[in-house]
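Please read them with the sequence and the coordinates open beside you.

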Amino acid sequence: MSLHLDPRMPPPEACVLRDLVERRARETPDRLFAIFPDGRRWTCADALREATAAANALHDLGVRQGEAVLSWLPNGADATRVWFGLNFLGAIYAPVNLAYRGRLLEHVVAVSDARLMVAHADLVPRLADIRRERLRSVVAIGGDPAPIDGLEGLAADALDGDGATPPPLVRPIAPWDTQSIIFTSGTTGPSKGVLSSYMHLYSMATAAPFLGPTDRYMVNLPMFHVGGTMPVTAMLVHGGSISVVEAFDTRSFWPTVRETGITTTILLGVMAGFLLKQPEAADDREHPLKSVTFIPYNDLAAPFRARFGCDLFSHFNMTEVSMPIISQANPATPGSAGRPRPGVSVRIVDENDCEVADGQVGELVVRTDCPWALNHGYAKDPEATARAWRNGWFHTGDGLRRNADGDYFFVDRMKDAIRRRGENISSFEVESEVMAHPMVKEAAVVAVPNPVAEDDVMAVVALKEGASLDPAE
């Protein structure tokens with residue numbers, strides 16, 4: 001069965017994960033593809049074998065093409081093999097934020113419609129106190145699964161499948177098939193599950209013009225965000241490699257860059273500030289890091305480049321879009337996110353979708369020339385999908401302005417969000433969790449300035465009459 005593709009769309013072997021992994025293993029089997037924080041290393045052939053083994057095991061557990069499976073794992077080889085294994089089946093990778101618990105966790109379980117979850121053993125007990133909807137089984141990695149009534153607990157060896165031949169597909173995986181459901185901050189309600197196709201993530205991964213086959217990308221953002229999945233996809237597409245860390249860490253950043261040969265990475269918010277606060281050293285420029293995606297492109301950019309000698313790039317992106325605005329190296333205009341990339345149309349509009357003049361702040365709306373190069377909606381939320389996609393454009397909810405030279409500048413979220421350490425946090429969701437405490441009568445969650453950059457989160461709480469509360473609760 002062949003696929004009829006739009007002429008602007010790449011063939012499956014260029015954008016579908018299963019085809020990409022098989023292609024890299026066929027063309028460069030011995031080339032290093034991934035370095036993981038526990039010391040494991042995968043060649044391209046290893047990546048194919050690990051993905052195949054996971055796919056066969058997941059198939060034996062009943063997972064089928066088009067079905068979503070929750071992955072609740074820290075960055076590392078296990079998270080990668082589960083993701084790859086799911087996509088090898090044509091199934092949907094639905095990763096969960098490691099901080100989620102209570103009603104936040106309950107919400108993503110419900111929206112995913114998943115029957116199976118793969119989770120770190122330390123996280124599994126959080127499932128005991130929530131409604132689990134269709135969820136029936138959990139595979140625990142890193143320890144024995146905690147016994148939970150009504151939930152089948154499986155040991156990690158349930159994912160030890162045959163690594164020789166991948167399971168057959170009911171039909172070929174198409175570029176427009178759903179690859180993942182990524183849960184993004186719910187700034188006007190609960191977190192929304194962004195439906196992302198292979199074509200969508202490919203478009204994001206190929207937007208940066210400075211990436212190539214010699215690059216090794218430090219994956220220092222969570223793999224439950226596009227900040228973690230995009231670099232992995234980019235290196236599959238370009239034929240490069242990745243070095244995965246569990247999380248950004250100031251002290252180990254430069255040693256990891258040097259030891260694992262990292263050439264490119266993303267630094268969000270306070271990350272660059274933390275690195276600049278480290279004592280200067282004679283070898284500050286002796287490293288392989290060539291390029292940094294530097295978000296936001298603020299007053300830290302110039303001193304960072306002067307000290308460490310990297311080329312810096314800026315862009316505007318969010319889970320739902322595919323890096324529609326990107327800069328050239330080392331923008332001369334402070335604060336600039338860049339200009340629209342080829343294949344993307346953007347406008348800045350008012351509340352009636354009428355375009356505003358240069359210099360005025362409005363909402364950024366986006367569309368692409370190629371089908372499926374943006375998200376295709378929100379899981380189980382047709383109303384939110386219709387609101388976001390009105391008048392033929394995707395509405396980002398972000399306020400930007402454009403100057404007379406055509407540069408775009410991010411101004412603020414137009415919705416009620418707090419930004420801490422590079423992540424948008426929904427005040428609505430945090431307030432809902434605080435209000436769930438039996439001693440709390442009212443709660444308001446607001447941003448307070450962080451001394452380095454961005455925000456910290458403060459909850460203001462009114463207690464019920466006669467109640468007392470330890471703030472740690």
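1. Ala 91 sits in the loop between helix H4 (77-88) and strand S4 (92-95), where helices (H or I, at least four residues) and strands (E, at least two) are DSSP runs numbered from the N terminus. Ala 91 is buried, because its relative accessible area is 0%; buried here means under 20% relative accessible area, exposed over 50%, and partly exposed in between, with a 1.4 Å probe and protein chains only.

2. Before going further, please note that this is a predicted model, in which local features need pLDDT of at least 70 and side-chain atom pairs count only at pLDDT 80 or more, while totals for chains, interfaces and linings use all residues. Residues are numbered from 1 along each chain as its sequence is written, and side-chain values use heavy atoms, with hydrogens and water left out.

3. Which residues is Ala 91 in contact with, leaving aside its neighbours within four places in sequence? They are Val 63, Arg 64, Gln 65, Gly 66, Glu 67, Leu 86, Thr 178, Gln 179 and Tyr 198, contact meaning heavy atoms within 4.5 Å. Thr 206, 115 residues from Ala 91 in sequence, is 23 Å from it in space, C-alpha to C-alpha.

4. Glu 133 has a positive phi, near 50°, and lies in the loop between strand S5 (116-120) and strand S6 (137-141); with a relative accessible area of 41%, Glu 133 is partly exposed. Asn 391 has a positive phi of about 60° and belongs to the loop between helix H11 (382-388) and strand S20 (394-402), and Asn 391 counts as exposed because its relative accessibility is 59%.

5. The peptide bond joining Ile 295 and Pro 296 is cis, with omega about -5°, and Pro 296 is placed in the loop between strand S13 (291-295) and helix H10 (301-308).

6. For the chain as a whole, there are 12 helices and 25 strands, and 55% of the 473 residues count as buried. The radius of gyration is 22 Å, which agrees with the value near 23 Å that a compact globule of 473 residues would have; the radius is taken over C-alpha atoms, and the globule rule is 2.2 Å times the number of residues to the power 0.38. Among contacts between residues at least 6 apart in sequence, 63% join residues at least 24 apart.
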